[in-house]
Amino acid sequence: MINLIIINFFTLLIIHDIGFNLFIEAHSKILSFILFIISWIFITLVNFNGVGNIATSLFLTIIYFLYVFLNFNGNTILKTFSVTFICLSLAISEFVSASFINLIEPLAEFSLSYIIALYLTIFLLFLESKAYIYISKLFLEQFSKKNFWSLLVLPFFTFTIILGINQNFDLFVKNKLFLVYLVFSVVGIYCSNFLMLNFYLKSLKSAKLEYKLELEKQVNKNLKSKFEYLNKYYLSKFSFLHNMLHSLNKLSILNKKRKYQELENELELLAQQTSKEFNLLYTNSKAIGTAINEKLEYIIKNEVKIYSKLENDLDFLSFQSQVLLFSELLTYCLNSSVQKGDTNPIIIFKSKKIGNIYLLKCNCNYELNNINFPIFQAKIKEISKMTDIHKVYDKTTDIDCLMITFYLSQNYESFK
């Protein structure tokens, strides 16, 4: 009897440990202790002579449920499955311990075997509860509590098999060789459930961390891109102001020396340069203007002429994506111009929208590079997945041009 009282104490202690790790205590420590003692007394009274019938098992299950639901606050589904797990774990622990003892010691010495089996059962239950707590915490880190039921699907069916065997245990006792095989199989299935769940959840956690890392890299890449743009913007404005101060100083000197003809020539040159830079940046697309400003120094130095004849805005793309798109187009076209050694290069952007298809055409007065085209093509598709880009023959220039096709969905926001 004393052994059953001790076993009941440890069983309730294991249930309390699961509740403490997965839920929040609903009462003070004193009240919680009183509930523990009362539950222990009721379990002992119900289980006074051991679990001999279904009614006793049912009463014990009800006490376990009441203890968890009254003593802890938390998700109802999670608490229900936790108590269910305890009940099923007790069944499999009893089966494994009884089978193990029967293999070692004949059932004739029942009293000693029974005591060993009791403590072996509680030891197995303790190991199972720790595995359950570990797997549950790992699961709840990755998923919501509403999906917790899926955690026990595979173990549940394993337990139902064990329960069926446990009810017909005497049939297997007669053949010890079969019993060894059965115990080995049951323990293997039981452990494999937890191992599988452990590896599965670890892989999900790893995938989640990889996704976060990739997202962090993308954020850092965007920040770096913004910093580079701001830096180029600063250098551009600094260069403009520096040249302006230099020009004003020169004009002031010419005015003081009364060299009016040279002053007029210098003013005319300054007006031409200012007009040229303004016309380069002033397009009917802010994104093209931003992309040009990024490469303004190189464009002016190499006397590149850029024209924008967009009939429709690319409002299905975010502004950042538009800037990246035109920046890649300009980079590819300008690099092709350098490699071919063309003078006075001209780049023209045209567009047209036909139904749910948006066409963007890029014409150049020189041949485009074929070697780097696959790399360039991949970069454009990274900006927008619903995109095709290829070279087409232009009869007017007798040279291939770039044609980008955007396949628009009904919801343009999906492209942003």
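User: Where is F33 found, and what makes a helix here?

Analyst: F33 is found in helix α2, residues 29–46. Helices are DSSP runs of H or I with at least four residues; strands are runs of E with at least two, and numbering starts from the N terminus. This is a predicted model, in which local features need pLDDT of at least 70, side-chain atom pairs count only at pLDDT 80 or more, and totals for chains, interfaces and linings use all residues. Residues are numbered from 1 along each chain as its sequence is written, and side-chain values use heavy atoms, with hydrogens and water left out.

User: Does F33 count as buried or exposed, and why?

Analyst: Exposed means over 50% relative accessible area, buried under 20%, and partly exposed in between (1.4 Å probe, protein chains only). F33 has 54% relative accessibility, so F33 counts as exposed.

User: Which residues form the nonpolar patch on the surface?

Analyst: I30, L31, F33, I34, I38 and F42 form it, with about 600 Å² of accessible area together. Such areas come from the Shrake-Rupley method with a 1.4 Å probe; for residues, only the protein chains shown count as cover. Nonpolar side chains (Val, Leu, Ile, Met, Phe, Trp, Tyr) are joined within 5 Å, like charges within 9 Å.

User: Why does C401 count as buried?

Analyst: C401 has 1% relative accessibility, so C401 counts as buried. C401 is found in strand β7, residues 399–407. Leaving aside neighbours within four places in sequence, C401 is in contact (heavy atoms within 4.5 Å) with residues including K361, H390 and K391. From C401 to K391 is 10 residues in sequence and 5.5 Å in space, C-alpha to C-alpha.

User: Why is E303 called partly exposed?

Analyst: E303 has 43% relative accessibility, so E303 counts as partly exposed. E303 is found in the loop between α11 and β3 (305–309). E303 has a positive phi of about 50° and is not a glycine.

Notes. Patches are made of residues with over 30% relative accessible area and no salt bridge: like charges are joined within 9 Å, nonpolar side chains (Val, Leu, Ile, Met, Phe, Trp, Tyr) within 5 Å. A salt bridge is a side-chain nitrogen of Lys or Arg within 4 Å of a carboxyl oxygen of Asp or Glu.
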